[in-house]
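Me: I've got a protein open on my screen and I'd like to go through it with you. Can we take it one question at a time?

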Amino acid sequence: MSRRLSVLLLLALFAAASASATTYDVGPGQPLAAIGDAPWATLNPGDVVRIHWRATPYREKWVIGRSGTEQAPIVVQGVLDGPGGARPVISGDGAVTPAPLNFWNEARGVLKVGGSNVPDDAIASWIVIENLDVRSAYAAYSFTNDSGGVESYAENAAAIFVEAAQDLVIRNCIISDSGNGLFVAAADGATRDIHIERNWIVGNGYAIGPDSGRIYEHNTYTAAIGIVYEGNRFGPLRAGAGGNNLKDRSAGLVVRYNWIESGNRQLDLVDAEDSNVIVNDPGYHDTFVYGNVLIEPDGAGNSQIVHYGGDSGDETIYRKGTLHFFHNTIVSTRAGHTTLLRLSTDDESADVRDNVIWAQSGGDQLAMLDETGVLALSHNWLRPGWADSFSGLPAQIFDDGTDVEAADPLFVDAAGQDFHLQPLSTAIDAAGPLDAASLATNPLLRQYVEHQDTEPRFTSGPANDIGAFETCAQSCPEPAAAAGGRAAVACVVARRRRID
């Protein structure tokens with residue numbers, strides 16, 4: 001078959017799928033009044049369920065247990081209240097499961113993906129969930145299950161609970177007021193290719209009675225083969241909760257261009273304790289974290305920013321690979337010590353380069369490592385006086401001597417959380433090259449936009465700037481920046497900022 005005929009055949013198949021797809025509109029003045037009126041048990045590839053905003057929350061909970069295709073995914077889409085407006089709210093507090101849906105683990109979530117009897121589909125695939133405000137899967141609330149009984153949510157319930165899914169996109173949602181905001185289960189390696197994009201994830205975790213401060217629930221808790229976090233805004237957990245902001249047990253994890261603020265740790269990247277399939281996946285041993293803003297407020301739980309390796313106690317299944325950690329901006333306003341990394345064993349290593357790492361309390365309040373692991377440093381911006389470790393144990397740190405040290409990174413407005421660089425910052429044009437593994441698979445292409453967005457990142461001088469932001473943003477013409485040198489980066493005032 002010729003290439004032209006192949007393309008025509010693909011276009012014909014796509015057109016046929018689109019023609020057979022149906023859009024179901026839910027909400028005030030729409031053909032369907034309730035979410036449960038949509039045919040969740042029989043959705044087909046290309047079908048779209050559009051949930052329109054209304055002044056009161058939808059108090060319904062359901063499962064997505066059908067599959068689309070790459071060319072025709074199933075889309076569950078909130079319709080905003082005007083351009084850039086409010087998302088429709090899906091609340092688990094007092095929610096009801098509609099007939100004829102029948103699925104297990106109802107107490108684990110408001111919106112569930114995969115794992116149901118009706119529809120009969122254990123693994124949902126090619127699904128897009130976007131523009132929803134999903135909240136209140138929390139042990140203090142109750143719901144009506146598919147048998148008509150009333151029960152409370154589990155301690156580890158999630159606003160969005162993914163039990164088994166492949167090729168799933170969760171985009172531009174608000175995820176809050178739950179035990180876990182988002183929970184993605186490994187399904188023994190069956191859950192694959194998950195993209196978590198441009199969401200606002202905040203106020204989750206467990207804090208009830210004597211269990212207040214539990215460390216087992218997090219803003220997100222995920223395990224999959226192939227998972228990307230991109231352009232998300234993570235806020236503080238629920239007051240009194242002891243969990244982490246982003247906790248993950250995946251293979252092929254990429255965390256890029258996010259804003260992650262507070263939590264016991266900002267990132268807890270540990271072993272796949274429930275799946276040997278994940279442990280044995282080739283992507284398990286390389287984790288990429290880049291282009292993020294990581295913020296450690298004073299008094300926010302653990303003084304470590306990132307934990308990499310494992311926490312199950314079975315060191316044979318720890319990640320035992322490399323954390324590629326580059327072009328992040330780390331800001332700590334702790335009054336005391338801050339430690340950048342905890343590497344679980346000496347079999348874990350981190351390649352740390354091109355990061356701005358700023359401890360407000362002073363360089364002597366910052367340590368690179370907790371006690372174990374192997375760390376390589378290159379072209380980072382640091383305040384003078386930083387320590388290898390505060391533990392008293394010999395840290396294995398290899399510094400190539402290219403780090404930039406100065407008293408102040410010259411953020412545009414540190415108090416106002418604008419961590420772009422002023423034109424005279426010593427971090428400008430001071431980054432080094434990426435390591436080979438990162439350059440081959442995860443090149444630096446974009447940067448975070450406040451909030452919940454990204455934009456292309458352009459080099460404005462002879463080298464990239466250190467940190468998460470290039471001072472000369474998209475609005476600054478590349479030739480003008482090159483001709484004007486460092487002074488030309490005053491165009492930073494024209495950068496794009498958006499508050500959702």
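**One residue, then the whole protein**

Me: Is N219 buried or exposed?
Reply: Keep in mind that this model is predicted. The relative accessible area of N219 is 0%. Anything under 20% counts as buried, so N219 is buried.

Me: Where does N219 lie, between which strands?
Reply: Look for the loop that holds N219. On one side is β16 (200-202), and on the other is β17 (220-222). So, going by how strands are defined, N219 lies in the loop between β16 and β17.

Me: Which side chain does the side chain of N219 make a polar contact with?
Reply: A polar contact needs a pair of N or O atoms within 3.5 Å. Here the distance is 2.9 Å, and the partner is the side chain of N204.

Me: OK, zooming out: what radius of gyration does the protein have, and what would a compact globule have?
Reply: The protein has 500 residues, so a compact globule would come out near 23 Å. The protein agrees with that, at 23 Å.

Me: And what share of the residues is buried?
Reply: The count runs over the 500 residues in the protein. Buried means under 20% relative accessible area. The buried share comes to 57%.

Me: How many helices and strands are there?
Reply: Let's tally the secondary structure of the protein. The strands come to 41, and the helices to four.

Terms used
Residues are numbered from 1 along each chain as its sequence is written. This is a predicted model: local features need pLDDT of at least 70, side-chain atom pairs count only at pLDDT 80 or more; totals for chains, interfaces and linings use all residues. Side-chain values use heavy atoms; hydrogens and water are left out. Helices (H or I, at least four residues) and strands (E, at least two) are DSSP runs, numbered from the N terminus. Buried means under 20% relative accessible area, exposed over 50%, partly exposed in between (1.4 Å probe, protein chains only). A polar contact is a pair of N or O atoms within 3.5 Å; within protein, one must be able to donate a hydrogen and the other to accept it, and residues adjacent in sequence count only if both atoms are side-chain atoms. The radius of gyration is taken over C-alpha atoms; the globule rule is 2.2 Å times the number of residues to the power 0.38.
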